[in-house]
Amino acid sequence: MDKQHILSATQFSRTELELILDRSREMEAILLGGGSKMCVGKILGALFYEPSTRTRLSFETAMLRLGGEVISETDVTFSSQTKGEVMEDTIRIVGGYADVIAIRTKTKGEAKLAAHYSPVPVLNGGDGAGEHPTQALLDLYTIAKHHRIGEEPLKVAFVGDLKYGRTVHSLAQVLRHFEGIEVSFVSPEVIQIPAEYRKTDDQIFHELSDEVITESDVIYVTRMQKERFDDMEQFQEVKNAFIFDAEMVDRMKPGCSILHPLPRVNEIRQEVDALPQAKYFEQAQNGVPVRMALIAEVLGV
Ligand code: CP
């Protein structure tokens, strides 16, 4: 993966996914030992033009734990883009300062545009309602920690805002590489999974059925992405469509994993956090070793 841009989950081969999983396990061991000097002298440029807590900070932590350094632009109001500079120019400039760029953009396709102008690898940290491929890798890593992915049948249900939920778009593509995975998409019809991210044998539901709750091995919950709705009345209609509480979790398989890319609003009640099925905080922590693995791979170290 040396010098590759990471733009879409569709770009990964099964071999690359296995490589990232293996490398992430190594990075987790390195973290336990206090970090590494693998990236001394290297700089990560973090350009985040939409709010982020986990993605930006875990990318930055990953580079720091590898012994490298970070420069960042996190608020477009302090960027020369407010003076009229186009993103293409910003990317050319930052690509001259940094060895790798992690970027989050407001619009689908902008990470690809950035990569076109960048002299260094670009890592897509979320492009509008498009994709979030590095999140898909840490989601996969989390699933692989708790389930024998590709070796036993696995029922995965995505629940929530599947139209605008970019993490779902990416993870659904990644899961295609593993045998025995049955995917269900559960959402109100107005925010159902776009056709480009689903396969003909995936199941589409508009209600959360007892079958999905009791038979799924992984339930991947997402927030209703208020900021992406054009019609606020439509948002009001769907905002409370699915709320997971302890009673609902009690009906799940004991070994079911509840994932969520976070942030959450009201879709998982806090009473669920201490239950063994809740894996979303661990999932967020996995962002560090997985992003360490990715940075090391694209830098060829
Ligand atoms: N999962 C995720 O993308 O979180 P942030 O928006 O906080 O980066």
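These legends describe close-up views of the ligand site and the domains in a predicted model. Local features need pLDDT of at least 70 and side-chain atom pairs count only at pLDDT 80 or more, while totals for chains, interfaces and linings use all residues. Residues are numbered from 1 along each chain as its sequence is written, and side-chain values use heavy atoms, with hydrogens and water left out.

**View 1. The shell around the ligand.** Ser52, Thr53, Arg54, Thr55, Arg104, His132, Gln135, Pro261 and Leu262 surround the ligand, each with a heavy atom within 4 Å of it. Two of these shell residues are nonpolar, five polar and two charged.

View 2. A polar contact here is a pair of N or O atoms within 3.5 Å. A ligand oxygen lies 2.6 Å from a side-chain N or O atom of Ser52. For Thr55, the distance from a ligand oxygen to a side-chain N or O atom is 2.7 Å. At Thr53, a polar backbone atom is 2.8 Å from an oxygen of the ligand. The ligand taken alone exposes 250 Å², of which the protein buries 92% (Shrake-Rupley method, 1.4 Å probe).

**View 3. The ligand between two domains.** The domain assignment, automatic or from a database, gives domain 1 (9-130 + 286-299) and domain 2 (134-284). The ligand lies between them, because both domains give residues to its shell. Their C-alpha centres are 25 Å apart.

**View 4. Contacts between the domains.** In domain 1, 31 residues are in contact with 28 residues of domain 2, contact meaning heavy atoms within 4.5 Å.

How values were computed:
A polar contact is a pair of N or O atoms within 3.5 Å; within protein, one must be able to donate a hydrogen and the other to accept it, and residues adjacent in sequence count only if both atoms are side-chain atoms. Ala, Val, Leu, Ile, Met, Phe, Trp, Tyr, Cys and Pro count as nonpolar, Asp, Glu, Lys and Arg as charged, and the others, Gly among them, as polar.
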